[in-house]
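Please read this briefing alongside the sequence and the coordinates.

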Amino acid sequence: MKFYDLAELATRNLRESILRNSLTTLGIAVGVSSLVAMLSLGIGLQQLATRRLRKSGLFDTVVVTSRRDLRSFGREQESSGPAPAESPALDEPAREKIAQIPGVLEASPDIRFVTELRYEDKLHLTLMAGIPGSAKDRDAFEGMQGGFFSSDTAPELILQKSFAEELLGRKRKPGEDDANVADLAAPLLGKELTMRYAERVAAGRSATASVQITENHPISEPAGAVPGAAYSVVSRQLTLKIVGISDLDPDSLRGPVRARVFIPLKLAESLHVMQPNVRDTTAAFSSTPTYATLSVRVRSPKDVQAVETAIKKMGFNTFSIVDATRSMRQFFAVLDLFLGIFGSLALAVASIGIVNTLVMAILERRREIGIMKAIGASDIDVKKLFFAEAGAMGVLGGAVGVALGWAIGRVINVGTNIYLRRQELPPEQIWFVPWWLVLGAVGFAILVSLISGLYPASRAAQLDPVQALRYE
Amino acid sequence: MTVGLDKFNSDSSSAVHCENVSRYYHMGQALIRAVDGVSIQVRAGEFLALLGASGSGKSSLLNLIAGLDRPSSGNVIVQGRNLAALSPEELSKYRRHTVGMVFQSFNLIVSMTVLENVELPLRFAEVDRAKREALAREALGRVGLSARLGHRPSELSGGEQQRAALARALINQPHLLLADEPTGNLDSRTGTEILNLVRGFNESLGMTVVMVTHERALAERYASRMIFLADGRLVDDQPNLAPSAASGARGGES
């Protein structure tokens, strides 16, 4: 029998016992929807967690230091790579080379220095860091009061909550909860601070134009010296405006050397702040900037290892936090498996429904099967017909089930977000139905239906036509 | 294949050749001999009536000739092929193309219209859709049911249902028409109409007809030969030299 005829006869037969077949199909649909619902929840949660980890900036960052910077030397680093004195300088050409390693999104200099900040005639000593514009979307700035820097060179700063507390002179008692960032922001946002820092200036060079200069004591270059070998350290000050108070700790990756005050990276670079490292104090001043540390951001946590290896080959030290996403993926694979098994249980029950329906149909249509055989249907024709009926229920049940599962997902997503909004939390997408799940679920439904149809179909095919025709 | 087959092949006028055919059933401990060592040779174009009381084995023999059942022993040879040796697939092909069957209880599929019922054997024969409908319409025209194409069997009278069944049996232009008590569920007038149609096909198309009946009068009226069975055995085989009611009685065809 031709496929078209088979399909037509199958749908005609399904229509004949419309109620029973609809109920069976509904059973498959419920099974598929539970499978889709379970798996899309697992996938959604995994994506949410991955998104969170990525936004945290903890697992996609590699910190690169020069081997000449002996302060950050561990035993392991001593025994590998070139000797510190022979290692390459971490300068601008090296930064550009690192930025071109496959998987690297950006390689920005890590500038951090101790500075003196004056606020309302009171001095505060703290560690300050420059942050690139790309950090804006990181999780670390979630819940921040105020806003991000208006530009990459704006004389603006963002305070970490704890420093804001210090500025306001608030002291937290032991056991007390974290201060509410909104309370801290109200008196501080828009206020100005004066920063004092030490600029390294080449002898004879004029100070950077963008910096407000109040004191300048250039030392004249000694006669006969190599140009740039002599430099002076100039004390300067700069007025900065507070634009944001961060609730979280944007620099948590740095542990003990984490900064509590942040300025735009480009601004930090332009200040030429004297950094406390040996090379910086002994090397000649050159037009090529040299960095103590680079912060390299990679496309995905999976790329961290390869990028680290490539950078180590260049002769630098690297540091990263072990990829937490790997174990997380493992966890979600197991979770998805279990959710899939539970989701499939309903489909297994539905498959028994198919067997039941088709076996009933054989009993009812015994005579019809006998007639078809008498007028020339082969055993294979009869088998195919029952198979096609099972398959048609699978296709229909699968399609309805995917739609149902998707709808359940939407409802739960909307419900969750209403709840989150009430808790004053940002909305989240905890439900995700990828296209492969849609196709896979329909395919799985058809497969389960066909397997369920195996027994009834072969039973129908084996029916003895003489017996079947005698049956009333 | 067998000695019988060679013998059959040499006689080209033979349509069906049953060679010492038996069909036994086990019913608990008992062995039922439904057909017991029957040998018959049916000539092409013959109108044969199988007569006998209920349980005499006439329907069992017809099922063996139809290829719906296989003999316990012996051979059934139709058009040079021994049905006992055919594979299930070949047997279904045989039923599709070589024989047409009509039953006492019409055996139309109730969920299909008359046209669809008649078309059904063509679906199994994988005939194109357009051609299928034209052939079915033509066959239904021949049995006088052109006006009832879209009706379901339940909306037809017994006679009309049997005509539809006859159209279905003839749609694949078989060589052999097998009828199992075709008038058993019909009144005598309608039964006569149906048999007139059958005889018309027998005469005009040269189609061999084997009809099972328990009504001797009908057999004498239409068949050219009568075979009597009792307890599965052949008890008498007589030609009916002058079947009555010739062409004049074919009024029911219109």
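In this predicted model, residues 24 or more positions apart account for 82% of those contacts in chain A that have a separation of 6 or more. The secondary structure of chain A comprises 14 helices and 11 strands, and 38% of its 472 residues count as buried.

**Packing of α12 and α13 in chain A**

- Helix α12 (residues 379-422) of chain A and helix α13 (residues 435-461) of chain A have axes that come within 7 Å and cross at roughly 150°.
- Because angles over 145 degrees count as roughly antiparallel, this crossing makes α12(A) roughly antiparallel to α13(A).
- The crossing of α12(A) and α13(A) is right-handed, and the residues of the contact between these two helices divide into 19 nonpolar, nine polar and two charged.

**Contact between chains A and B**

- To the contact between the two chains, chain A gives 17 residues, while chain B gives 19 residues.
- On the side of chain A that touches chain B, at least two residues come from each of α1 (3-16), α11 (366-374), α12 and α14 (465-470) of chain A.
- Sorted by class, the side of chain A that touches chain B holds eight nonpolar, two polar and seven charged residues.

How values were computed
Residues are numbered from 1 along each chain as its sequence is written. Chains are lettered from A and ligands numbered from 1 in the order in which they are written. This is a predicted model: local features need pLDDT of at least 70, side-chain atom pairs count only at pLDDT 80 or more; totals for chains, interfaces and linings use all residues. Axes are lines fitted to C-alpha atoms, for helices over the stretch in contact, and angles run from 0 to 180 degrees between N-to-C directions. Helices (H or I, at least four residues) and strands (E, at least two) are DSSP runs, numbered from the N terminus. Angles under 35 degrees count as roughly parallel, over 145 as roughly antiparallel, 65 to 115 as roughly perpendicular and the rest as oblique. A crossing is left-handed if the near helix is turned anticlockwise from the far one by less than a right angle, and right-handed if clockwise. Ala, Val, Leu, Ile, Met, Phe, Trp, Tyr, Cys and Pro count as nonpolar, Asp, Glu, Lys and Arg as charged, and the others, Gly among them, as polar. A residue is buried if 20 or more other C-beta atoms lie within 10 Å of its own, exposed if 12 or fewer, and partly exposed in between; C-beta atoms are placed from the backbone. Two residues are in contact if their C-beta atoms, placed from the backbone, lie within 7 Å.
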